[in-house]
Amino acid sequence: MSSQFGLLSTRRFAPFFGTQFLGAFNDNLFKNALIVLLTFQAASWTTLTPEVLTNLAAGIFILPFFLFSATAGQLADKYDKAKLARLVKLLEIVIMGVAWLGFSMHSLEVLLAALFLLGLHSTLFGPVKYAILPQQLRENELVGGNALVEAGTFVAILIGTLAGGLLAGAAGHPSFVAYAGLVIAALGYLCSRGIPAAPAPVPGLVVSLNPLSETWRNIGFARENRTVFLSILGISWFWLYGALFLAQFPAYAKNVLGGSETSVTLLLAVFTIGIGLGSLLCERLSAGHVEIGLVPFGSIGLTLFGIDLAFASPALLPAGAPLPLAGLLALHATWRVLFDLFALGLFGGFFIVPLYALIQLRSAPEQRARIIAANNILNALFMVCGSLAAAGMLGNGISIPVLFGIAALCNAVVAIYIYSLVPEFMLRFIAWLLVHSVYRLQQKGLTNIPEEGAAVLVCNHVSFVDPIVIAAASRRPIRFVMDYRIYRTPLINFVFRHMHAIPIAPARDDAAMMEAAFEAVASALEAGELVAIFPEGKITDTGELYPFRPGVQRIVGRTPVPVIPMALQGLWGSFFSRKDGPAMSKPLRRGMFSRIALVVGTAIVPAAATPEHLQEVVAGLRGEWK
């Protein structure tokens, strides 16, 4: 994981990271300090009850996301994002001045106005926060950068929440909260001055102040790319799911676990550590590029451990409740609950980091900030709906553990629905699982696969899972041309169909299918896609190369594109290969976790892509891996 932490020493990332960390810290310090003060000293501020004040404060903070996110997205597309970040930090200093005034005047109205302005501050910074990363980081740094941002954000939320509560209770006068906020805001502004320029993608954009029409337009931008829009829905669902759990922590700690006030902090800390670790692990598990195969992995964990938390929760309060922290930790059931919360955070990190990176990568650069704004609006909407649904169920007598179980089952339904609409997520998960659990894939020369534009990939054919292994290594989707009999193989046919593989048959078997395959290849290349073929025409049953057939010459003769040679090693003798017959009829020869390799060579011009030359190059690539 050293590569992602190395970003913290670069000017491209470190000042921005410090800016966003301090902003999240300050938001939660002030918000929680105010909630604590209104909870324990409500009578000195207003006649409203603490319960009403707490929910009022939460609503006031989130309201700007609905009102101003569309405008914030436009501003981030129109102006330099580094300059906007500095202006937002100056606004934060002013807001802390308003908070100081509210404490000094003992005015609840002024303090709530400051809270509203802090929500505005977060709203304005949101599109800058996520849209600036693709401008400052390379594609292979995007997952690591997002992982650090997500981990840092949750740590800042935890520390800010704790500091706000402590400061509200320990300070001699509540205005010390505003003094602390002023110092943090000033530090955030100093950090923002180090952010490198991030030029505006659409400087001529005319900003509309109508939140309704612009919100709908921004959502329309997101809907133009189906994968991006469903990723936004996935992120919004995660915030609903996570916020639902977090909101129940105080009541769960007191009324289910039988703990004291400090147990709430313990639950929040364990969940936050899980999120942070899961986010940071994404960079290693995805080998440095955006790996959406981790998203289904994350959703599986969110479901399983959410259900287990429901079953792990004690049915009766322990004797002597409320227990001090040491007494609570002495109970065996508590450790299972803590493990479930940690696992929920861990898999939440696996779920959300790739989705944020995918949105940044696949959104049109000139609309990216406005698409992020649409994401923020939907996040807020989902969280409000989740809170209302949770309140309704709890009000009708459902217990908190049962609420957790219902939420986990709903998570499974939502995940299945999204993956049925975009099979790419599940296909990438299958590929990722294959090369991270069954095998250990080593890669060489992947940068030779072009990041955009058409190309034909040619590779030796060793096993039934060759397409899945190559797809797992590639950063781009690939259309595989494969023998129609392999394409129709039971079980894995589902994978090949959703990979949009192109079945082909020899002319003697089905001439019409062969011609249709060549037409499909030409259409794919004209559309700028990657097409992969196995020129041997069949899986080797000796482990050696068969003579290459001339299909590549016909393909590039019609559509001249670069030809990228590749070689797979290590799959021969595995369960998925052939040896004197079908793999299924033979015992396993290469065990689990076997080392396999994919070596990618440099591009060959179409005129040189003869069968003999390609076979010679692929044979040479096979010899590069030992």
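This is a predicted model: local features need pLDDT of at least 70, side-chain atom pairs count only at pLDDT 80 or more; totals for chains, interfaces and linings use all residues.
Residues are numbered from 1 along each chain as its sequence is written, and side-chain values use heavy atoms, with hydrogens and water left out.

**Overall build**
- The protein has 23 helices and seven strands (DSSP runs numbered from the N terminus: H or I of at least four residues for helices, E of at least two for strands).
- Along its principal axes, the C-alpha trace spans about 90 × 60 × 40 Å.
- Of the 626 residues, 56% are buried (under 20% relative accessible area, with a 1.4 Å probe and protein chains only).

**Helix α8**
- Helix α8 covers residues 175–192 and reaches 26 Å from its first C-alpha to its last, close to the 26 Å expected at 1.5 Å a residue (1.5 Å times one less than the number of residues).
- Among the buried residues of α8 are Val 177, Gly 181, Ile 184 and Tyr 189.
- Seen down the axis, the buried residues of α8 fall within an arc of 165°, so they line one face of the helix (the arc uses directions from the helix axis to the C-beta atoms).

**Second largest pocket**
- On a 1 Å grid over the protein atoms alone, a pocket is an open set of points where a 1.4 Å probe fits, with protein on both sides within 12 Å along at least five of seven lines; lining residues have an atom within 4 Å of a point.
- The second largest pocket has a volume of about 1200 Å³ (the space filled by probe spheres set on the points, which are joined across faces, edges and corners).
- Of its 39 lining residues, the closest to the centre are Arg 362, Glu 424, Arg 475, Arg 476 and Pro 477.
- Helix α17 gives the most to this lining, with four residues.

Note on methods: Buried means under 20% relative accessible area, exposed over 50%, partly exposed in between (1.4 Å probe, protein chains only).
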